[in-house]
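Visitor: Hi, could you walk me through a few spots in this one?
Guide: Happy to, let's bring it up.

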Amino acid sequence: MTSDRSARPVNSAFSRRTLDAAPLTSAFEREGYLLFPRLLTRRATAQAQRAASRLLRRRHASVPSGWLLGLHQRNQPEPQRWVERIAADPAVARLVRALLGGSRPVLVSSQLFVKRAAGRADDEAAPSSGEVPWHQDGAAGGYSLAIWLPLDAIDPTGHNGGLAVLPRLHASGRLPSEPCEANAASFDRIQPEALAGHEATAVRYALAAGGAGLHGPLTPHSSPPNASGADRRVL
């Protein structure tokens, strides 16, 4: 019998799909994102949900309940090794390596982002349930990507603050932007004129808990307010 610690967290269907990464790489290069209905096993999803709830309960009062950073880092009081196990799974590493052009993947950042339920953003240190504007990520160019892994089901209407991306616009490179504050965080919001005619092409994620979306740093993405009655947790 396999123990919780040694059990692979990744769903077998995801593993099989990534055995031949060439079609996925082609789609990622063309569209700027990929969607996987299920990345984690149901067991691993439940474990991640419990771990996230535990982190939120135990966090120091000075730590925002909406955004917990550096989960896997060894200098944390309780490094979250389960996050590392997901990132280091052979199927995940194989896919990420292919998408990065053969570069050995390294887990740089891990975050738990919680959009509070409508009317429940009562923690002064917490980001609200509000909108995150259209933006691009970081400055690492084509040598990074984000794995967006919801721990709660994402409504395709955007009702609970799910992610949306603008396909193919990454091919335009770094878009003009301006600093702004949203959900108690700083973003370089893409200037509206740079998005003219593109917002109509937005793809809203529709994912079960344990599914995943991958997007590159130049893929514009945003999320609407969480108007639902439940928190939206994303790794």
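Visitor: Is Asn-11 buried or exposed?
Guide: Asn-11 counts as buried, because its relative accessibility is 16%, and the cut-off for buried is under 20%. Keep in mind that this is a predicted model.

Visitor: Where is Asn-11 placed?
Guide: Asn-11 lies in the segment before α1, the helix of residues 12–17.

Visitor: And what does the side chain of Asn-11 reach?
Guide: The backbone nitrogen of Ala-13, at 2.8 Å.

Visitor: Which residues is Asn-11 in contact with, leaving aside neighbours within four places in sequence?
Guide: Those are Arg-38, Leu-39, Leu-40 and Thr-41.

Visitor: Switching to helices: at what angle do α2 and α5 pack?
Guide: Helix α2 (residues 22–31) and helix α5 (residues 90–99) pack at about 50°, and their axes are 9 Å apart. The two are therefore oblique to each other, and α2 passes α5 in a right-handed crossing.

Visitor: Which residues make that contact?
Guide: From α2 you have Leu-24, Thr-25 and Phe-28, and from α5 there are Leu-95, Ala-98 and Leu-99. By class, the contact of α2 with α5 has 5 nonpolar residues, 1 polar and no charged.

Visitor: What about α4 and α5, how do they pack?
Guide: Helix α4 (residues 81–88) packs with α5 at an angle of about 55°, with the axes 5 Å apart. So α4 is oblique to α5.

Visitor: Which residues of α4 and α5 meet?
Guide: Ile-86, Ala-87 and Ala-88 of α4 meet Pro-90, Val-92 and Ala-93 of α5. That contact of α4 with α5 has 6 nonpolar residues, with no polar and no charged ones.

Conventions:
Residues are numbered from 1 along each chain as its sequence is written. This is a predicted model: local features need pLDDT of at least 70, side-chain atom pairs count only at pLDDT 80 or more; totals for chains, interfaces and linings use all residues. Side-chain values use heavy atoms; hydrogens and water are left out. Helices (H or I, at least four residues) and strands (E, at least two) are DSSP runs, numbered from the N terminus. Buried means under 20% relative accessible area, exposed over 50%, partly exposed in between (1.4 Å probe, protein chains only). A polar contact is a pair of N or O atoms within 3.5 Å; within protein, one must be able to donate a hydrogen and the other to accept it, and residues adjacent in sequence count only if both atoms are side-chain atoms. Contact means heavy atoms within 4.5 Å. Axes are lines fitted to C-alpha atoms, for helices over the stretch in contact, and angles run from 0 to 180 degrees between N-to-C directions. Angles under 35 degrees count as roughly parallel, over 145 as roughly antiparallel, 65 to 115 as roughly perpendicular and the rest as oblique. A crossing is left-handed if the near helix is turned anticlockwise from the far one by less than a right angle, and right-handed if clockwise. Ala, Val, Leu, Ile, Met, Phe, Trp, Tyr, Cys and Pro count as nonpolar, Asp, Glu, Lys and Arg as charged, and the others, Gly among them, as polar.
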